2 protein chains.
Amino acid sequence: MESILPKQIRTLITEFAKIPGIGPKSAERIVFFLLKTNQSDLDTFGSSLQSLKQNIKRCTNCFNITDNDICVICEDTNRSAAQICVVEEALDIVAIEKTRQFDGRYHVLGGVISPLDGIGPEELTIHQLDKRVRNEQPQLRELILATNPSLEGEATNMYITKKLGATGIEMTRIARGLPVGGEVEYADEMTLTRALEHRVKAG
Amino acid sequence: MESILPKQIRTLITEFAKIPGIGPKSAERIVFFLLKTNQSDLDTFGSSLQSLKQNIKRCTNCFNITDNDICVICEDTNRSAAQICVVEEALDIVAIEKTRQFDGRYHVLGGVISPLDGIGPEELTIHQLDKRVRNEQPQLRELILATNPSLEGEATNMYITKKLGATGIEMTRIARGLPVGGEVEYADEMTLTRALEHRVKAG
């Protein structure tokens with residue numbers, strides 16, 4: 001049906017539609033928007049895509065995304081060495097940094113334990129985290145587990161707390177509860193259950 | 001804040017965030033998704049972007065997007081010459097073609113009359129439509145106006161019906177009313193007003 005469109009337009013629609021969250025209709029709209037931009041902008045966009053992964057590595061210390069051996073956070077001597085915040089993906093670091101509430105270091109697991117997807121602890125950077133904790137103690141005093149509040153996230157937390165228990169490091173995990181701006185009426189049962197369980201002293 | 005991300009990642013996030021409908025957060029997610037795709041896919045995507053507008057022209061007859069002088073629809077001798085469906089943008093043709101309900105030709109206006117945006121009738125292809133109608137009569141019998149149901153769309157329809165009135169061509173416009181699957185309860189006043197006005201015999 002889309003054969004009424006020239007081939008290169010259809011090709012680019014297909015490319016955009018491969019991106020999760022962009023449906024075929026949105027892909028069409030995006031491509032027709034791009035048809036109106038000038039050629040030099042398209043050239044820039046295209047070459048940005050092609051060079052996206054150039055020099056991109058994982059930080060050898062925390063596995064954050066970096067274009068150096070060590071990422072900007074691990075390199076920053078102003079940041080506290082007392083806490084490591086353990087996250088699933090590098091994008092989680094961006095979100096936490098935006099809060100400006102944490103000035104420690106991070107550790108990127110590279111995912112969560114998920115037997116259905118064939119991801120066991122060995123596929124993640126838990127071994128390296130264990131090593132890191134042993135090396136950085138006693139300066140390092142706390143691991144903050146900040147995995148997503150999913151079954152897999154909880155299972156991964158559980159695995160980490162068991163595996164690293166021997167190091168004696170204090171381990172906490174970020175709170176579950178009602179999101180700010182959320183409504184009790186619309187909250188799902190699990191969220192409400194956790195919010196009740198982990199209630200804190202009022203006032 | 002995003003300075004914790006390598007430069008080429010930030011650049012590409014900016015490029016994606018320029019696209020209408022893609023916010024900074026979605027742009028981040030898209031780029032992190034793309035970081036996981038292999039280099040050859042990124043190369044293809046990038047060069048598709050760069051070559052998007054190569055050989056892309058407007059059909060000299062109907063102003064549809066094409067890589068020839070004449071678009072595939074105008075070229076198709078199996079299509080009826082009795083009707084021309086007038087649309088704002090080439091993307092509207094894609095949507096109407098999907099219904100498989102129309103086998104005439106199209107005419108792409110290139111927008112709508114919008115004095116606030118500095119778009120007058122001269123910026124559109126109304127003059128060419130007028131010429132086309134005169135040339136294609138008497139084979140051509142009907143103009144179907146399929147602009148968007150907005151104030152500008154209605155104003156453009158009005159302008160066309162006045163301007164082309166002298167040709168004696170029959171002019172219709174697509175129906176306004178409740179969208180299929182929509183609910184009376186949630187319909188806005190204007191839509192309900194039009195739905196009442198243009199009610200048809202039941203049963």
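**Two chains, one axis: how the copies meet**

Q: Which residues of H5(A) meet H2(B)?
A: In this predicted model, Ala90(A), Leu91(A), Val94(A) and Lys98(A) are the ones on the H5(A) side. Their partners in H2(B) are Glu28(B), Arg29(B) and Phe32(B). To count as contact, heavy atoms have to lie within 4.5 Å.

Q: What makes up that contact of H5(A) with H2(B): how many nonpolar, polar and charged residues?
A: Four are nonpolar, three are charged and none is polar. Ala, Val, Leu and Phe count as nonpolar, while Glu, Lys and Arg count as charged.

Q: How do you know whether H5(A) runs roughly parallel or antiparallel to H2(B)?
A: Look at the crossing angle: the axes of helix H5 (residues 90-99) of chain A and helix H2 (residues 24-35) of chain B cross at roughly 155°. Angles over 145 degrees count as roughly antiparallel, so H5(A) is roughly antiparallel to H2(B). The two axes come within 10 Å.

Q: Is the crossing of H5(A) and H2(B) left-handed or right-handed?
A: H5(A) goes past H2(B) in a right-handed crossing.

Q: What is the area buried between chain A and chain B?
A: About 5,300 Å², and carbon and sulfur atoms give 72% of that. Each chain puts in 57 residues. On the chain A side, Ile4(A), Leu49(A) and Leu52(A) lose the most area to chain B, together 13% of what that side buries.

Q: Where is the cis peptide bond to Pro138(A), and what is its omega?
A: The bond runs from Gln137(A) to Pro138(A), with omega near 5°. Pro138(A) sits in the loop between helix H6 (126-136) and strand E5 (142-145) of chain A. In chain B, Gln137(B) and Pro138(B) are also joined by a cis peptide bond, with omega about 5°.

Q: What is phi of Asn55(B)?
A: Phi is near 65°, a positive value in a residue other than glycine. Asn55(B) lies in the loop between helix H3 (39-50) and strand E1 (57-58) of chain B.

Key:
Residues numbered from 1 in each chain as written. Chains lettered and ligands numbered in written order. Predicted model: local features only at pLDDT ≥ 70, side-chain atom pairs only at ≥ 80, totals over all residues. Heavy atoms only, no water. Axes fitted to C-alpha atoms, helices over the stretch in contact; angles between N-to-C directions. Helix = DSSP H or I, 4+ residues; strand = E, 2+ residues; numbered from the N terminus. Parallel < 35°, antiparallel > 145°, perpendicular 65-115°, else oblique. Left-handed = near helix turned anticlockwise from the far one by under 90°. Buried area = accessible area lost by both parts, 1.4 Å probe.
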